[in-house]
Each structure stands twice: as structure tokens, then as C-alpha cells.
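Reader: Hi! I'd like to go through this structure with you before I set anything up. Could you walk me through it?

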Amino acid sequence: MSVAMPVKSLLYGVACATLLSACSVRPLMPPGYPDSGDSAPARRLDPNSIADATPRVEPKSRRGNPDSYVVLGQRYHTLPSSRGYVERGIASWYGTKFHGRSTSSGEPYDMYAMTAAHKSLPLPTYVQVTNLRNGRSAIVKVNDRGPFHDNRLIDLSYAAATKLGILGEGTGLVEVRALNPGTPPVQTAPSPVIQASVPTSPGLFIQVGAFSSRQNANQLSQRLTSSLGEKVRIQQVDHRGQPLFRVQIGPLASVEQVDSLSLNLPRLGIVETQVIID
């Protein structure tokens with residue numbers, strides 16, 4: 001999995017014990033790279049011949065769905081249902097280091113299977129993951145917890161990352177859509193991974209605040225512009241019949257820039273952020 005620097009083994013053990021008895025929490029790594037000691041296997045897969053997971057009705061994992069759990073000092077809450085879930089964010093992947101280990105649901109992790117880890121979706125949940133840069137999509141079974149990094153939405157198996165074309169870069173901009181067994185997935189027009197030209201990248205932003213007052217949004221925008229030297233936009237949306245002003249840094253050029261800025265924002269008093277793909 002690709003998230004910030006490795007934690008000490010003692011902290012790792014405490015985090016796992018806190019989450020689940022057989023959890024597969026993965027230490028943190030520099031953005032854009034697989035976990036420490038992790039890698040792709042010698043056996044490579046053809047991205048255009050990898051079959052999707054087949055959604056089917058399954059009982060919820062008995063040990064994989066606590067109401068909430070704590071990892072690395074942060075509490076996460078499990079959604080009661082996956083129905084209607086759609087979210088955009090940054091995907092990472094994990095490979096050889098965790099192959100064969102027990103996942104949070106109790107199933108062994110198989111890097112050649114179409115699976116994924118998610119912080120809050122019920123285990124298991126089947127989701128359609130779409131790479132927003134090349135249009136490729138894959139259906140995976142969420143059977144694990146992670147990635148435990150503020151800027152990551154989902155952690156994909158080696159096979160899923162290969163099919164989506166994010167293996168080389170280590171991360172990708174994706175849309176995750178929960179599927180109900182028996183309901184057809186959303187149709188996409190994928191580009192072959194090995195022949196894909198440079199696609200138009202969606203906009204990448206960090207949302208740092210949302211205000212009912214335009215003046216407050218302007219003040220934060222001006223402070224960020226002078227402190228960071230980055231572009232800042234204010235996006236007005238309707239919220240329960242009232243205007244809401246969202247302050248967002250960007251567009252940003254890369255996931256690495258998102259991670260770098262996120263490390264600097266706490267010194268400006270900003271600790272609650274959200275990655276926005278627009």
C-alpha cells in the first residue's frame with residue numbers, strides 16, 4: 001500500500017490489536033510507492049485479460065464490521081450499508097508483502113484476485129472502480145480495511161491495479177461505486193492500458209474548509225494564497241437551500257503535490273482536509 005513513513009513494529013502491533021484480531025493493517029510509506037518491502041510479483045499479468053470479480057450475495061463478515069475501530073490513533077466508522085455509495089479519490093495498491101496474510105474479513109489476501117481494502121464500506125462489498133484518467137474500470141470485492149492515509153480512498157490488489165493501469169505510478173484517480181448483486185455495473189469505454197495515449201486528467205484539489213459566509217471563505221482563500229503560493233478557488237454549492245462556500249486548493253498537478261501540501265497545512269491550523277476530484 002502506498003501511504004507515508006513506516007511505523008515502529010510496536011505501534012503496528014498495537015494498531016492491529018485495536019482494529020481486529022486478524023487485521024492486515026499495513027505500515028505507512030512515502031506517497032506514490034508500495035509499502036516498505038512490498039512490490040509487484042515476478043509473474044506479470046495482461047491487463048486486458050484480467051476478469052472482474054463477480055458480485056454475489058454474501059453474509060457480512062462477523063469480525064470485519066465493527067461499528068468503529070481505531071488505527072494509529074484515528075477512529076474510523078463502518079457504514080451500515082453500501083447502498084448508493086459513490087465517491088471519488090486516490091487509489092493505491094498492495095502486493096507481495098501481504099500475499100497470503102489474513103485480511104480484516106478473515107479471508108487470505110490474494111494479490112492475483114480482484115479485491116480491495118476500504119476504511120468504511122461493509123465487508124464484503126462489491127464495487128466498480130473506474131480510472132478517471134484512462135476510462136478503464138474493474139469490479140472488485142472489498143474484503144479488507146485500509147488504506148490508513150488521509151489522502152487515499154481505496155487500496156487495490158496487484159491484479160486490480162494492473163487492470164486499471166495504475167501499477168507503474170503507484171496511485172491513480174478513481175471513482176468507486178458500490179454494486180448491488182444482480183444490478184448491471186455502469187458501462188464505460190476503456191482505453192487499452194498498453195496503448196493508452198496521454199488522457200485528459202481530471203482536476204485534483206484539496207478542500208480545506210466550507211463556510212456559510214462568503215467573507216470567511218475569502219479570508220481563508222487569501223491567507224492560503226499568500227502562505228502557499230498555490231491557486232485557490234471558492235466553489236459555491238447549495239446546501240439545504242442555503243449557499244455553502246467551499247475553499248479548495250488547486251488544481252494540483254499530481255498526487256505527490258497533494259501529499260506534500262497536506263503535510264504543510266497543519267502549520268496553518270488546517271487539519272481537516274478532503275481530496276476532491278472534479
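This is a predicted model: local features need pLDDT of at least 70, side-chain atom pairs count only at pLDDT 80 or more; totals for chains, interfaces and linings use all residues.

Reader: Which residue does the side chain of D259 meet in a salt bridge?

Author: That's R152, with 2.8 Å from N to O. D259 sits in helix α4 (residues 255–264) and R152 in the loop between β6 and β7 (154–157), so the pair ties together parts 107 residues apart in sequence.

Reader: And is R152 buried or exposed?

Author: R152 is buried, as its relative accessible area is 3%.

Reader: Nice. How many salt bridges turn up in the whole structure?

Author: A search finds 9. One of them joins E58 and K141, whose closest N and O atoms are 3.0 Å apart. E58 lies in the loop between α1 (9–19) and β1 (68–71), while K141 is in strand β6 (residues 137–144), so this pair ties together parts 83 residues apart in sequence. K141 counts as buried, since its relative accessibility is 10%.

Reader: Which residues are in a network with those two, E58 and K141?

Author: R56 and E107: the four are linked in a network of salt bridges.

Reader: Changing topic, what does the strand layout look like?

Author: There is a closed barrel of 6 strands, running β3-β7-β4-β6-β5-β8 with mixed pairing. From one strand to the next, the twist averages 45 degrees.

Reader: How do β3 and β8 pair, parallel or antiparallel?

Author: Antiparallel, over 6 bridges, with β3 covering residues 86–94 and β8 covering residues 172–178. In this pairing I90 stands opposite L173 in β8.

Reader: Good to know. What about confidence, where does pLDDT stay under 50?

Author: Over residues 1–34, for which the model has 104 contacts beyond four places in sequence, and over residues 193–199, with 11 such contacts. For the protein chain, the mean pLDDT is 85, and 80% of residues reach 70 or more.

Definitions and conventions
Residues are numbered from 1 along each chain as its sequence is written. Side-chain values use heavy atoms; hydrogens and water are left out. Two strands pair if DSSP finds at least two bridges between them. Helices (H or I, at least four residues) and strands (E, at least two) are DSSP runs, numbered from the N terminus. Axes are lines fitted to C-alpha atoms, for helices over the stretch in contact, and angles run from 0 to 180 degrees between N-to-C directions. pLDDT is the predictor's confidence in each residue, from 0 to 100. Contact means heavy atoms within 4.5 Å. Buried means under 20% relative accessible area, exposed over 50%, partly exposed in between (1.4 Å probe, protein chains only).
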